[in-house]
Structure formats: C-alpha cells, structure tokens
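Welcome! Have a look at the display, then work through them in order.

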Amino acid sequence: MATVRHRPEALELLEAQSKFTKKELQILYRGFKNPGAIKFQECPSGVVNEETFKEIYSQFFPQGDSTTYAHFLFNAFDTDHNGAVSFEDFIKGLSILLRGTVQEKLNWAFNLYDINKDGYITKEEMLDIMKAIYDMMGKCTYPVLKEDAPRQHVETFFQKMDKNKDGVVTIDEFIESCQKDENIMRSMQLFENVI
C-alpha cells in the first residue's frame, strides 16, 4: 500500500487559522515530522494514526497506562473523524489549547469529555475520562489514590456542574461552572505563549 504524503496547507493559511506565527509553525512542523525521541518521525506522511499517537503519548507517562486517555485525546484532535491527525488538525487543536480564548478552551475541553459527541457529558463519559486519567498517572502518585477516587471526582464534578440536576452536563452548564471556578480559570492561563 503506497504511503500518501501529506503536505501541510500553505503557511499563510495555517497562520490565519491559528494563533501561531509563520516561524512558530515552521518549528512545530519540524517537531511534528522529526522530534527526536518522540515517534512522530515514524509517520513521514505528516499524518499520525491513533496507534502512533498512543505510542507517543506513552513516552510522556511511562509510569502508567495512557492508552485510553490517548484514545480520547486523539478523538478530540481528529476533528474530521477520519482516523488520522494531520499537522493541520494538530495545529488547530494546539492553537486553542495554548493560545485560545477561555471560551475556545472550554469548548475544546467539553468536546474531549463528550465522548459520543451528542452535546452532553454523562456521568459514564466523565467516569471513563477520569479512570483513563488515573490509569495514565499510574500507581506512583503521592499520596496513593484510593480505588474509588475517579467516581468521587465525577460525583463532585456533577454536583458542581449539573445545575438542573437532570443527570447530564450541557455545554452551557459546563462553561458557566468552569468560569466561576478560580482554579479552573487559573489553569486555563498556564500554557499561554509556551513555544
């Protein structure tokens, strides 16, 4: 099967669609194509499939199992749901995460948690994400997390976010609750202007 080479869109177009400069995009593309120890270089086509994405992510969290969380993250980056993350997909997601407005970041986060993309976060979806995060962090956390920690986290999340107590969190409830939480709002600013 022939490898389809992926050419990134013209830098000017990508620059217009993201919050990165042309120089930053060139640096990011070099990293996307050949980041040394990170295995994007195994994808010379410039497109990363889910298995490679999982392998890359596992290098950041060697102490735990990042497979499930990487799956959810991959689906959030793969906005056209074609089973691949192109450089453009990667840049658009990264642009939001690093330099987007609070609203854009919260929309992106909601999309990550809304696993089946039906416009609601259910307790089951949130529990799947929380379990994946706890698995990724591994058993090396201090203090050691209790077995029911993910479920407790979900219960706290729903008490705070599910304003009308209907068992699901809408995007409006999610955004409103996040904007009222000082810790969440502080974390939204953490990675701005990284690169």
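A residue counts as buried when its relative accessible area is under 20%, as exposed when it is over 50%, and as partly exposed in between. Keep in mind that this is a predicted model.

**Exercise 1.** Find D65 and decide whether D65 is buried, partly exposed or exposed.

*Solution.* Start with the location: D65 sits in the loop that links helix 3 (50-60) to helix 4. Next, take its relative accessible area, which is 43%. This value falls between the cut-offs of 20% and 50%, so D65 is partly exposed. Now look for its partners: beyond its neighbours within four places in sequence, D65 is in contact with A132, D135 and M136. Finally, check a distance: D65 and M137 are 72 residues apart along the chain, and their C-alpha atoms are separated by 7.6 Å.

**Exercise 2.** Describe how helix 4 and helix 6 pack against each other.

*Solution.* Two packed helices are described by the angle and the distance between their axes. Here the axes of helix 4 (residues 67-77) and helix 6 (residues 102-113) come within 9 Å and cross at roughly 125 degrees. That angle makes helix 4 oblique to helix 6. The crossing of helix 4 with helix 6 is right-handed. On the helix 4 side, the contact is made by Y69, F72, L73, A76 and F77, while helix 6 brings W108, N111 and L112. Sorted by type, the residues of this contact are 7 nonpolar, 1 polar and no charged.

**Exercise 3.** Now step back and summarise the whole protein chain: how many helices and strands does the protein chain have?

*Solution.* Count the elements: the protein chain has 10 helices and 4 strands. Their order along the sequence is α-α-β-α-α-β-α-α-β-α-α-β-α-α. Then turn to burial: 39% of the 195 residues are buried. The accessible surface of the protein chain is about 11,300 Å², and carbon and sulfur atoms account for 55% of that surface. To finish, consider contacts with a separation of 6 or more: residues 24 or more positions apart make up 54% of them.

Conventions. Residues are numbered from 1 along each chain as its sequence is written. This is a predicted model: local features need pLDDT of at least 70, side-chain atom pairs count only at pLDDT 80 or more; totals for chains, interfaces and linings use all residues. Side-chain values use heavy atoms; hydrogens and water are left out. Helices (H or I, at least four residues) and strands (E, at least two) are DSSP runs, numbered from the N terminus. Buried means under 20% relative accessible area, exposed over 50%, partly exposed in between (1.4 Å probe, protein chains only). Contact means heavy atoms within 4.5 Å. Accessible areas come from the Shrake-Rupley method with a 1.4 Å probe; for residues, only the protein chains shown count as cover. Axes are lines fitted to C-alpha atoms, for helices over the stretch in contact, and angles run from 0 to 180 degrees between N-to-C directions. Angles under 35 degrees count as roughly parallel, over 145 as roughly antiparallel, 65 to 115 as roughly perpendicular and the rest as oblique. A crossing is left-handed if the near helix is turned anticlockwise from the far one by less than a right angle, and right-handed if clockwise. Ala, Val, Leu, Ile, Met, Phe, Trp, Tyr, Cys and Pro count as nonpolar, Asp, Glu, Lys and Arg as charged, and the others, Gly among them, as polar.
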